[in-house]
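Please open the model in your viewer and keep the sequence panel beside it. The stops below say what to select next and what is to be found there.

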Amino acid sequence: MALPALFDTLRLPVIGAPMFLVSGPELVIAQCKAGIVGSFPALNARPTSQLDEWLHQITEELAAHDRAFPEQPAAPFAVNQIVHRTNGRLDDDISRPRPADRRQYRP
């Protein structure tokens, strides 16, 4: 059985932990460039509008990396959504437009 295409860009089968108040765009970008899945909790982007800025920064920097190093593309990234009923911004976070490349996140 073939592995999903997601694994094609991974150098190690690792997902960087989405650490509350620690993980942000710089860490995610570094993780992806190193060949592991980068991730961050959506709630780290404060205020809510900052999530759009982070998604744009991550997708743009990883796309630039892929153009510069096509033989070693960056791994994908993930946005950790807290789906507990106490997360008052969940609906807003998951309704945001998705990045228009292969690194789309899925809530």
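**The whole chain**

Begin with the protein chain as a whole: of its 107 residues, 39% count as buried, where buried means under 20% relative accessible area, exposed over 50% and partly exposed in between, with a 1.4 Å probe and protein chains only. This is a predicted model, in which local features need pLDDT of at least 70 and side-chain atom pairs count only at pLDDT 80 or more, while totals for chains, interfaces and linings use all residues. Residues are numbered from 1 along each chain as its sequence is written, and side-chain values use heavy atoms, with hydrogens and water left out.

Colour by secondary structure, and the chain shows 3 helices and 2 strands, arranged along the sequence in the pattern α-β-α-β-α; helices (H or I, at least four residues) and strands (E, at least two) are DSSP runs, numbered from the N terminus.

**Helix 1**

Select residues 25–33, which form helix 1, and show the side chains of Pro25, Val28, Ile29, Gln31 and Cys32, which are buried. Seen down the helix axis, these buried residues fall within an arc of 160 degrees, so they line one face of helix 1; the arc is that of the directions from the helix axis to the C-beta atoms. They pack against strand 1 (38–41), helix 2 (50–68) and strand 2 (77–80).

**The largest nonpolar core**

Next, select Phe40, Ile58, Leu62 and Phe77, which touch the most other members among the 14 residues of the largest nonpolar core. Such a core is a set of buried Ala, Val, Leu, Ile, Met, Phe, Trp, Tyr and Cys residues joined through side-chain atoms within 4.5 Å. Helix 2 gives this core its largest share, 5 residues. Now centre the view on Ile58: leaving aside its neighbours within four places in sequence, Ile58 is in contact (heavy atoms within 4.5 Å) with Pro25, Val28, Ile29, Phe40 and Phe77.
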